[in-house]
Amino acid sequence: MNICEIIDGILSTFKVPFYHEMPEFAREPPPRFIVYSFYDVPAFFGCGQEQVTRYHVTFNIYTTGTNFKSQADQISRDLTALLLENDFVRQSGSCSLSNDFPKYYHRIIEFIYDYEN
């Protein structure tokens, strides 16, 4: 199983649309959605073989409409709990209004995930 399959499996339990990397919407974006991206850093054995791949995953939560801040916070709490149950480790978080999607609230949470090879 690769990292996208792991993340997609976790996110598919939400009733919120999600995308890997930033989508281009033909029409209006949905009122709530999640975008994730990641990069990886290998950890090696002394012999040069890769032992563990550490994935740094960023989840961007976008909400608009009534109670957009509380919606984003609830999604963030629920997603964090689910990710922690699945061996992700929380690194940081932040929030602001979105420049990419005007009138949307943007909540960012970052995690790491160690995948043993």
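I shall start with D87, which is exposed because its relative accessibility is 58%, above the 50% cut-off. Please bear in mind that this is a predicted model. D87 sits in the loop that links helix 2 and strand 4. Its phi is near 70°, a positive value in a residue other than glycine.

K103 lies in the loop between strand 4 and strand 5. Is K103 buried or exposed? With a relative accessibility of 77%, K103 counts as exposed.

In which order do its strands lie? The sheet is open and mixed in its pairing, with 5 strands in the order 1-2-3-5-4. Strand 1 (18-20) and strand 4 (89-97) are at the edges; each has a single partner strand, so one side of each lacks a neighbour in the sheet. On average, neighbouring strands are turned by 20° against each other, direction ignored.

Strand 4 runs antiparallel to strand 5 (residues 105-116), and 8 bridges join the two. Within this pairing, S96 has H106 of strand 5 as its bridge partner.

Finally, the helices. Helix 1 (residues 3-11) packs on the sheet and touches strands 1, 2, 3 and 5, its direction making about 145° with that of strand 2. Helix 2 (residues 68-85) also packs on the sheet, touching strands 2, 3, 4 and 5. The direction of helix 2 makes about 5° with that of strand 5.

Thank you for your attention.

Key. Residues are numbered from 1 along each chain as its sequence is written. This is a predicted model: local features need pLDDT of at least 70, side-chain atom pairs count only at pLDDT 80 or more; totals for chains, interfaces and linings use all residues. Side-chain values use heavy atoms; hydrogens and water are left out. Two strands pair if DSSP finds at least two bridges between them. Helices (H or I, at least four residues) and strands (E, at least two) are DSSP runs, numbered from the N terminus. Axes are lines fitted to C-alpha atoms, for helices over the stretch in contact, and angles run from 0 to 180 degrees between N-to-C directions. Contact means heavy atoms within 4.5 Å. Buried means under 20% relative accessible area, exposed over 50%, partly exposed in between (1.4 Å probe, protein chains only).
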